Amino acid sequence: MFFIPGQIIAALTFPGVIVHEIAHLWFCRIFGVAVLDVCYFRFGNPAGYVLHEHPVRPSHQIWIAIGPFLVNSVIGGIIAAPASIQVFQFEAAGPVDFLLIWLGVSIAMHAFPSAGDAKTLRTAMSAVGVPLRVKLIAYPIIGIIFLGTIGSYVWLDAVYGVAVAVVGPVLLVALLA
Amino acid sequence: MESSPNNASVAADPSVCVSCGGRAEPDRSIALCAACRARLSSRALPVWIRLSAIVLFIPFLLAVSRFPSALAAGVAFERGQRAEAAGAFAVAVDEYTKVTQRFPSSTLAIARKGIAAFHAGQYQVAAEAFDAISGREASSDIVREVNAAIDQMKKLGR
């Protein structure tokens, strides 16, 4: 296992960072949550952030936290799928295909919510008056996010990006054939 | 990358909007009136982000437009491989043909079509396929299979 500073990885996969922050912003907009500050990309840690007020409903905080997971996974998968099928299924590759695969993997690998997202969600769930059913949904999500954060030290985020952008489309072909 | 609620208590009077001094909405973590909250929740994207979104939208559209063709070809290739493995070489030729019609640059699909055609006794189809990929780069396994088929066809006088 080799170590590459997160800032370099973020720079090489910057489209994913931008899409990730736009996804947070988009869910804030959906739920009418005031956004106080946004950084779409920077050479720092974190590479981007969205500073917002507490949502009224705790469930909204869940959606704001996991929004990037949904948006980045779908967009990354769609962008890379045709190129991945062409390259890895029957080897009809051109430069555009490799560009699309890089873009798809970049976006999908930033799907994982960050430890900051998990902490925010945990704080929201520990507030008074949060319904039990919401906590039952939220706490496993928080656990998965923290595991994903730990996993990113062993490239789990990159593995996920490749799985969504490359393995998924090839598996889809195998299922449909 | 993260989203963080602001925990700071920014308003001395929670009923007064910290942005415009108007009447703040009740029971919110930050004292903002409805208009200011709406403005902040639907804040406009910066120009460079809009441009980035447009740049990102182009490959997205490209991918969406290419997806049906790539999926159909991928399915046909997979079916061709399965048919070949089952000894149904004529079926495999038909499936590989679907791929090569869509993606004539696929050396692998053309090679597999030629090999399947050889085994199906379609020597003319096989010869055309092998001619089409002559001089192209391919994996050593495919080259070996193609050369073996060509040798066999020469022995058979085809």
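Predicted model: local features only at pLDDT ≥ 70, side-chain atom pairs only at ≥ 80, totals over all residues.

Me: Which residue does the side chain of B:R28 meet in a salt bridge?
Reply: Over all chains the structure holds nine salt bridges, and one of them involves the side chain of B:R28, with an N to O distance of 3.2 Å. B:R28 lies in the loop between β1 (2-5) and α1 (34-41) of chain B, while its partner lies in the loop between β2 (49-52) and α3 (58-89) of chain A, so the pair joins two chains. The partner in this salt bridge is A:E53.

Me: Which residue does a cis peptide bond join to A:N45?
Reply: The peptide bond in question has an omega of about 5 degrees and is cis. The residue that it joins to A:N45 is found in the loop between β1 (35-39) and β2 of chain A. That residue is A:P46.

Me: What is the phi of A:W155?
Reply: A:W155 is found in the loop between α6 (132-151) and α7 of chain A. Although A:W155 is not a glycine, its phi is positive, at about 70 degrees.

Me: How far apart are the C-alpha atoms of A:F112 and A:G67?
Reply: A:F112 lies in the loop between α4 (95-109) and α5 (115-125) of chain A. Once neighbours within four places in sequence are left aside, A:F112 is in contact with A:H20, A:F69, A:G148, A:L156 and A:Y160. A:F112 and A:G67 are 45 residues apart along the chain, and their C-alpha atoms are separated by 9.6 Å.

Me: Why is α7(A) described as oblique to α2(B)?
Reply: Helix α7 (residues 156-176) of chain A packs with helix α2 (residues 47-85) of chain B, their axes being 9 Å apart and the angle about 60 degrees. Angles of 65 to 115 degrees would count as roughly perpendicular and those under 35 as roughly parallel, so this angle makes the arrangement of α7(A) to α2(B) oblique.

Me: How many charged residues does the contact of α7(A) with α2(B) have?
Reply: The crossing of these two helices, α7(A) and α2(B), is right-handed. On the α7(A) side the contact is made by A:L172, A:V173, A:A174 and A:L176, and on the α2(B) side by B:F67, B:L71, B:G74, B:V75, B:E78, B:R79 and B:R82. By class, seven of these residues are nonpolar and one is polar, and the number that are charged is three.

Me: How many nonpolar residues does the contact of α5(B) with α6(B) have?
Reply: Helix α5 (residues 123-132) and helix α6 (residues 140-155) of chain B have axes that come within 11 Å and cross at roughly 135 degrees, which makes α5(B) oblique to α6(B), and the crossing is left-handed. B:Y123, B:A126, B:A127 and B:F130 of α5(B) meet B:V146, B:A149, B:I150 and B:M153 of α6(B). By class, the contact has no polar and no charged residues, and the number of nonpolar residues is eight.

Me: How far apart do the C-alpha centres of domain 1 and domain 2 of chain B lie?
Reply: Chain B is divided into domain 1, covering 5-41, and domain 2, covering 65-156. The C-alpha centres of domain 1 and domain 2 of chain B lie apart by 67 Å.

How values were computed. Residues numbered from 1 in each chain as written. Chains lettered and ligands numbered in written order. Heavy atoms only, no water. Axes fitted to C-alpha atoms, helices over the stretch in contact; angles between N-to-C directions. Helix = DSSP H or I, 4+ residues; strand = E, 2+ residues; numbered from the N terminus. Parallel < 35°, antiparallel > 145°, perpendicular 65-115°, else oblique. Left-handed = near helix turned anticlockwise from the far one by under 90°. Contact = heavy atoms within 4.5 Å. Nonpolar A, V, L, I, M, F, W, Y, C, P; charged D, E, K, R; others polar. Domains from an automatic or database assignment. Salt bridge = Lys/Arg side-chain N within 4 Å of Asp/Glu carboxyl O.
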